[in-house]
Amino acid sequence: MEKKALISVVVAIIVVVAAIAIGVAYYNSTKTTSKEVVIYADYGSSLASKYFSNFTNATGIKVVATYGAMGTLTGKLIADASNPSADILFGGAPSAYISAETNNIFQSYTPPAIANQAEYLHGGLWRSATWDWYPFTYAVLGMSVNTVNLHKAGLPMPTSFLNLSNSTYKGYIIMENPSTSTTTSIAYFSLMYQYFLQKYDNVTSVAQSHFESYVHAVLNNTITPIQSDDENAEVALGQSSTAAITIDWTYMPSLYAAENGYTLAPALPNATVLGPTAMAIVNGAPHMAYAKDFVNWVLSKQGQQNITTIFHKPPIIAGVPIPAGSFSISQVQSDIFPYNQTFTTNNFNYITGVFNNFTSSASIHLSNNAIQFYKNAVVPVTISQNYFIDTSLYSNYLKATGLL
Amino acid sequence: MRNKELSIYAIILIIFSFLIILPLLSFFITSLVGVPNGIILIFTDPSKLNFSLSGYETIFSSRLYTRDITDTLIMSLSVVALSFVLSLPIALLFSRVETRAKIVIRTILMISLAIPGFIIAYVFIIMNSIAGNRLDLIYSFYGLVGVMTIAMIPFMVNYITLSFNNLDYRLVEASLANGNSKIRTFFGVTIPLLTPGIVSGMVIVFLLTTGSLSVPLLLAPASFQVLSSSAYTQLFSFFNWRLATAMLFILFTINLIAIILQSHLSRRAFATVQGKGFHQKMIRRKAVIIPLIIYSSVISILPIIEISVIGLSGFSTRWILSLFPQNANTSSFSNAISLYPFSIYSTIITTILAGALAVLISVLISYNAKVSGNSFRRLLNFIIMLAFAMSNIIIGISFLSLYNNKYTGFMIDKIPLMMILGYTTGRLGYASNSISISFDSLSNSLLEAARIMGKKGYDIFTKILLPLVLPGILEGFLFVTVRSAIDYGSTLFLAPQNWYTLALSSYGLITTGELHAGSAAAFIILLIVVPISAVIYFFRQRTFQEIQA
């Protein structure tokens, strides 16, 4: 190759390098003035984008959002830990935050609005001890029911998660995979594991045996496909001509009924989870000041009102009306099962392992090796309280929603 | 070799070091230390690192993980076998039948090269919801293999057709004239001549299948987990980088073995794919031709169905239990575009730049080999093989682990440079293949004649070589562009916030339950890549001088 060609290559390289340098210089000159906050949101974009728009309208801070499943978002934050690009993780259950917290990806921050509100932090259980994450709303775990299909099949409305292991429901349940649905499905399966631990006096081997049998039976009633998360499960349930039940938070069915026209209604079981939905500022957030502005706006009256109107979820602070179909914390707090988030995090491997082994065909038993493998991951805890939800409350709820 | 050629090779080697060798090394170190930025910590804070082979030990000591390896092999080999069998009659039609119908069929099949697996999977998911979950079989091993096979048929057809086209029937006739039986001729002459091209096709399909992430995530049952999706779960559910990267490194090794095997079997491949207008034996019996046309037409209808279903779903907000969508409107498109407003531009800009870069590197390699001999070419080809063996998710993680730090992190989170380089690396093999075939088919006598006439290297390149190899260059460019536009695995890790592509947006929308907006984004992808695929088809025809009816 002659000099001209060689010179062309060198010039091309210089041009590329120069372009990069100019780009970096441009970025550096603008980054201090870019009034934006980068949010990873564990929500469907159609709803969350409305919420973020309202934030932008109120504060002038632009939101750059990424929507996705909690696992993907948290995994990406961990991958980016040495050079973070996101400012906020928004949505999802504390169990995911507890797990992610160990990777040092959150920035401690005490939002003034809830700093002294023990009631709204569930006695301190609903936030990280070091204020790495904190709640902005909460929800009650229940079931979403396709009322048309349930009626067509002549099935009774389920009143407990235990009902789902009954063969009456065979072929009518849609289930989410707890490996990917790290907010909803993991909460359900962990709740059941904790329930059996409590029922059998914390004798782990007995509780595990019952839990595994329960999972086996439920999955035997489940139809394919296993869904990746609750949003997909709601869509699958809403579109199905046969499926009648899936696991979800009680505010979700009415949301999907309103948005998509599905014939879905909530079913509130006894002994369930009252779960906070959390958010956190990312450690090393590029727009730290705006990230704090976002957190404070979410916990402001205006932000909380938007939570109730857009997401149909209850507020976490006083003075904001609770939307129809939701419960105040004081209404249900004492009747909810004493669900332990840290237990869920510590037993994630065992729970997902049991699930994965039984989803194979719902007729294969765990091999001894597999059982041992997953049991090694178990961190034993003691569950001593004995709370169950007041069934009269549930009856009132069913009447209020026209299901009874 | 002159200093100038040596310096070109040195530049290429430096580029390859940063695109392939160092990222792979970084990836391997991540599998040993279990943190994404392990290679950086070696230099900045080695005390934080805990080197261990425990990721690999866990995989090989647990049936749960060894099953992922066998499942990956079972799925990939099944797809290879099934796509080969289904492609064979179509390739026969293309290479042995003189009919105008094959032009239409082949154009449609080539277009389907641009339809990513996750869109095909999603089409079946939509069809399942239309049918009231009566197609639940798609969520099984059979469904997974079926969808992957549909996605792979165009690739397999291409390679088998090339093999058939370049089989010089005079050799077969010579064998028969020498008294060899038909069976002996078939096994002794025909099969050995066809093998290199067919094996190349099989290995390409194998690599694309093992590296696929989105289709197994959407369709694989929990009892059948392949390495890519299992590693994804380890990364994003358990945050276990050690185990996830060890799984993917094993996947890389499997791919590399397949490529080396193919390389060994295809040493004579260049003689079979240069397209010299060999004597062909055409099929003329209508009893054979008509079934071939009918069968190929049926297969070629699939991409039309796929595009139609995605389009209809994109233009609606509700489609349940009915043959046609109930709410026809464009709100899904406006939703998708308003959520990811830059995704169309991002897709176009990044993929075109990736195509250009891949072509530039491939031309440098091929040109240098042409004018200076093949001394370094084997080394460079081996490095390209390494890139070929890296699936998209491996490229994403390896680039992230090497470049995502406070010094070079801006190339990932601020500007789309590493995303473009990731696309380039992942498809360099395709561009290099197209371009090297074009260069190899040129006669050296042309260069010698030009030199005798006093032409300098630059003039020889621009006035003689470039016009002759332009179809190969364009084909390589367009192929890299199209395949990059449908990338999910590396984009997930390397796209800056403001540079999300249509593929990432579409998959994200589908996984958060916003199916129609996801369809709309997918349909826009098809609007961009399908016309480009048609252009590729045009150039492919010219490059390989295929016999037309």
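What is the mean pLDDT of chain B, and what percentage of its residues reach 70 or more? The mean pLDDT (the predictor's confidence in each residue, from 0 to 100) of chain B is 84, and 92% of its residues reach 70 or more. The structure is a predicted model, in which local features need pLDDT of at least 70 and side-chain atom pairs count only at pLDDT 80 or more, whereas totals for chains, interfaces and linings use all residues. Residues are numbered from 1 along each chain as its sequence is written, and chains are lettered from A and ligands numbered from 1 in the order in which they are written. For the complex, the predictor gives an ipTM of 0.71 and a pTM of 0.77.

Within chain B, confidence is highest in helix H4 (residues 63-96), at a mean of 92, and lowest in helix H13 (residues 269-272), at 44. Helices (H or I, at least four residues) and strands (E, at least two) are DSSP runs, numbered from the N terminus. The pLDDT is below 50 over residues 269-277 of chain B, a stretch with 21 contacts in the model beyond near neighbours in sequence; two residues are in contact if their C-beta atoms, placed from the backbone, lie within 7 Å.

Chain A is assigned two domains, domain 1 (34-138 + 275-332) and domain 2 (140-274 + 334-400), with bounds from an automatic or database domain assignment. Contacts between them involve 20 residues of domain 1 and 23 residues of domain 2. On the domain 1 side, helix H3 (70-79) and helix H4 (94-101) of chain A each give two or more residues, and H4(A) supplies the largest share, five residues.

In helix H11 (residues 301-310) of chain A, the residues A:Gly303, A:Gln304, A:Asn306 and A:Ile307 are buried, that is, 20 or more other C-beta atoms, placed from the backbone, lie within 10 Å of their own. These residues lie on the same side of H11(A) because they cover an arc of only 155° around the axis, taken from the directions from the helix axis to the C-beta atoms. Their cover includes helix H2 (45-59), strand E5 (134-146) and helix H10 (288-298) of chain A.

Beyond four places in sequence, the contacts of A:Ile88 include A:Val37, A:Met279 and A:Phe294.

Technical notes:
Buried ≥ 20, exposed ≤ 12 C-beta atoms within 10 Å, placed from the backbone.
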